[in-house]
Amino acid sequence: MSLAYLAQETTSTVTGTGYGAIGYGLAAIGPGIGVGIVVGKAIEGIARQPELQGTIRTNMFLGIAFTEALALIGIVAGFLFG
């Protein structure tokens, strides 16, 4: 490579590609923490009152479903706005 080639002025543009993946990564942090809390508290509840195992498990799965809906909203928003 010659020195003249290296000295040429080049223009670069920054595009928005790849930001959707970063946005979804950030959007997945909250539901990940939420699912961990929901499952942990359900295990504590079952350990304290084993006779309510069925009810607690049902409520746990509902909580997981609602929390994971946030992750799905995050990935859709990444596709729409990315």
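Let's start with helix α3, which covers residues 53-81: its 29 residues reach 42 Å from the first C-alpha to the last, close to the 42 Å expected at 1.5 Å a residue. That expected span is 1.5 Å times one less than the number of residues, and helices here are DSSP runs of H or I with at least four residues, numbered from the N terminus. This is a predicted model, in which local features need pLDDT of at least 70 and side-chain atom pairs count only at pLDDT 80 or more, while totals for chains, interfaces and linings use all residues. Residues are numbered from 1 along each chain as its sequence is written, and side-chain values use heavy atoms, leaving out hydrogens and water.

Within α3, the buried residues include Ile56, Met60, Gly63, Thr67, Ala71 and Gly74. Buried means under 20% relative accessible area, exposed over 50%, and partly exposed in between, with a 1.4 Å probe and protein chains only.

Tyr24, Leu72, Ile75, Val76, Phe79, Leu80 and Phe81 make a nonpolar surface patch of about 800 Å², and α3 gives the largest share, six residues. Such a patch joins nonpolar side chains within 5 Å, from residues with over 30% relative accessible area and no salt bridge; areas come from the Shrake-Rupley method with a 1.4 Å probe.Now for the charged residues. One salt bridge turns up in a search of the whole structure, the term meaning a side-chain nitrogen of Lys or Arg within 4 Å of a carboxyl oxygen of Asp or Glu. Glutamate 44 pairs with lysine 41, their closest N and O atoms being 3.8 Å apart. About one helical turn separates them, because they are three residues apart in helix α2 (residues 19-48).

| Residue | Relative accessibility | Class |
|---|---|---|
| Glutamate 44 | 40% | partly exposed |
| Lysine 41 | 53% | exposed |
| Phenylalanine 81 | 72% | exposed |

Conventions. Helix = DSSP H or I, 4+ residues; strand = E, 2+ residues; numbered from the N terminus. Patch = residues over 30% accessible without salt bridge, like charges linked within 9 Å, V, L, I, M, F, W, Y side chains within 5 Å.
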